[in-house]
Amino acid sequence: MKTLSLVISLVCVEVSFSAQYCPRGWSYYPPTGSCFTTLNKHLYWDEARRECASLARGSSLASVSTREENNFVINLIKRHGANEKVGFWMGANDLRREGVYVWLDGYKVTFTDWSKTPVVQPDDWKNNEDCVHWWKANGYSWNDAHCNKTGGLSAVCKMPAL
Ligand SMILES: [Ca+2]
Ligand SMILES: [Ca+2]
């Protein structure tokens, strides 16, 4: 009986550790229990926000909280977004208050990876850049851009693992 209960416990442990997964087409990032995917089309930031939100329960335009998570997304972009020329939207924005960057859940942006060349970002160019993207031309470091940037950008979406 003891053996049986031990076996049952082990099975439960196994199940609890292997329970998280991502839907097909999403990549799993274990440290934050998150799934990421790319939208390989050209969208304004608000279109990308709505499209990410429509994909699954809890999904939204992506956020990252550490350099490791940022690198994970960059590797995903490199694998799946090779044709994109400009970059990929993330959820970070300063639409509400200039210079104060927040994610879509309202939390302040803490980790950042702003581009430093040719000028230091964010530069709010023409006083009109409030939406942040991973910038292909600058090794996918971050840039603030016009939210309705001509031609649109691809995007990265994030959702909690299932
Ligand atoms: Ca701005
Ligand atoms: Ca900028």
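**β4 first.** I checked how covered β4 is in this predicted model, and 7 of its 7 residues are buried. Buried here means 20 or more other C-beta atoms within 10 Å of a residue's own, exposed means 12 or fewer, and partly exposed is in between, with C-beta atoms placed from the backbone. Strands are DSSP runs of E of at least two residues, helices are runs of H or I of at least four, and both are numbered from the N terminus.

I then looked for the partners of β4, taking two strands as paired if DSSP finds at least two bridges between them. β4 pairs with β5 in the antiparallel sense over 4 bridges, and with β7 in the parallel sense over 2 bridges. Phe 88 shows both sides: its bridge partner in β5 is Trp 134, and in β7 it stands opposite Ser 154.

**Gly 87.** This glycine lies in β4, which covers residues 87–93. I wanted to know why Gly 87 counts as buried. It does so because it has 25 C-beta neighbours inside 10 Å. For contacts I used C-beta atoms, placed from the backbone, within 7 Å. Neighbours within four places in sequence aside, Gly 87 is in contact with His 133, Trp 134, Trp 135, Lys 136 and Leu 153. I also took the C-alpha to C-alpha distance from Gly 87 to Gly 139, which is 9.9 Å across 52 residues of sequence.

**The hairpin.** Gly 139 sits in the turn of a hairpin made by β5 and β6, with 5 residues between the strands, and its phi is positive, about 65°. β5 (residues 131–135) runs antiparallel to β6, and 5 bridges join them. One pair I noted is Trp 135 opposite Ser 141 in β6. β6 (residues 141–145) is mostly covered, with 4 of its 5 residues buried.

**The core.** Which residues have the most contacts inside the largest nonpolar core? They are Trp 89, Ala 155, Val 156 and Cys 157, in a core of 32 residues. At least two residues of this core come from each of β2 (34–43), α2 (45–55), α3 (67–80), β4, β5, β6 and β7 (153–160). β7 gives the largest share, 5 residues. A nonpolar core is a set of buried Ala, Val, Leu, Ile, Met, Phe, Trp, Tyr and Cys residues joined through C-beta atoms within 7 Å.

**α3.** I ran along this helix of 14 residues and got 20 Å from its first C-alpha to its last, close to the 20 Å expected at 1.5 Å a residue. That expected span is 1.5 Å times one less than the number of residues. Its buried residues are Asn 70, Phe 72, Val 73 and Ile 77. They cover an arc of only 155° around the axis, so they are on the same side of α3. The arc is taken from the directions from the helix axis to the C-beta atoms. Arg 67, Glu 68, Lys 78 and Arg 79 are exposed on the face turned away from that side. What covers the buried residues of α3 includes β1 (27–29), β2, β4, β5 and β7.

I searched the loop between β4 and β5. Pro 118 is in this loop, and the peptide bond from Thr 117 to Pro 118 is cis, with omega near -10°. Most residues other than glycine have a negative phi, and most peptide bonds are trans. Asp 124, in this loop, has a positive phi near 45°. Asn 127, also in the loop, has a positive phi of about 55°. Asp 124 is partly exposed, with 13 other C-beta atoms within 10 Å, while Asn 127 is exposed, with 8.

**Confidence and bookkeeping.** Mean pLDDT, the predictor's confidence in each residue from 0 to 100, is 91, and 89% of residues reach 70 or more. Over residues 6–16 pLDDT stays under 50, and the model has 0 contacts beyond four places in sequence for them. Local features need pLDDT of at least 70 and side-chain atom pairs count only at 80 or more, while totals for chains, interfaces and linings use all residues. Residues are numbered from 1 along each chain as its sequence is written, and chains are lettered from A and ligands numbered from 1 in the order in which they are written.

Definitions and conventions: Two residues are in contact if their C-beta atoms, placed from the backbone, lie within 7 Å.
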